[in-house]
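Please open the viewer and follow this tour one selection at a time.

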Amino acid sequence: MDAAPLLRSIVAALAEVRLEAILIGNAAAAMLGAPVTTVDFDFMFRATPANLGKLKRFATRMDAVILRPYYPISALYRVMNDDRGLQVDFMPTIHGVKSFNSLRSRAEKIELAGHTVWLASLEDIIASKRAAGRPRDEAVLDILEKTLREKRQGQSEA
């Protein structure tokens, strides 16, 4: 499945509802050059009352529903539309990341389909996967660290 059209529609909807969020996880890593794949998208956002309203408008725009995980300690909001293969997770906290502001201070802003999207840095993606300690996160750490080393080497040669 080519996730690019879905990501373009997500970024357009985020811009339309003016929800500031930072893409993190494998989707961001792939856009930063890591050879990883994913069909879901993870964003960090501020869970303010205003942003929760924007998240509802985002879900409506995507013709999707917002699900909350069954475990009560999680603050994750999952936006889903099974017919489109859409799964977008919005989290106000991420393992290994101090705050939204700290993540944004190191994030990279890019243009996608005429809209701005913020990508977490590879360093932050690696830190979050290491801190989460889940097998699926640990499985890609070597790939992400190799990509980061290559990126840094390319920058030092330039």
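Where in the chain is confidence lowest, and where is it highest? Colour the chain by pLDDT, the predictor's confidence in each residue, from 0 to 100. Confidence is lowest in helix α6 (residues 135-157), at a mean of 90, and highest in strand β1 (residues 21-24), at 97. The mean for the chain is 91, and 95% of its residues reach 70 or more.

This is a predicted model, in which local features need pLDDT of at least 70, side-chain atom pairs count only at pLDDT 80 or more, and totals for chains, interfaces and linings use all residues. Residues are numbered from 1 along each chain as its sequence is written, and side-chain values use heavy atoms, with hydrogens and water left out.

Next, select the whole chain in cartoon view. Six helices and seven strands are present; helices (H or I, at least four residues) and strands (E, at least two) are DSSP runs, numbered from the N terminus. From the N terminus on, their order is α-β-α-β-α-β-β-β-α-β-β-α-α.

Now select helix α5 (residues 122-132). Its residues Leu122, Asp124, Ile125, Ile126, Ser128 and Lys129 are buried, meaning under 20% relative accessible area with a 1.4 Å probe, protein chains only. An α-helix has 3.6 residues a turn, so residues three or four places apart point the same way. The cover over the buried residues of α5 includes β1, α2 (26-31), α4 (100-106) and α6.

Finally, select Gly133, which follows α5 and has a positive phi, near 65°.

Methods. Buried < 20%, exposed > 50% of the residue type's maximum accessible area, 1.4 Å probe, protein only. Contact = heavy atoms within 4.5 Å.
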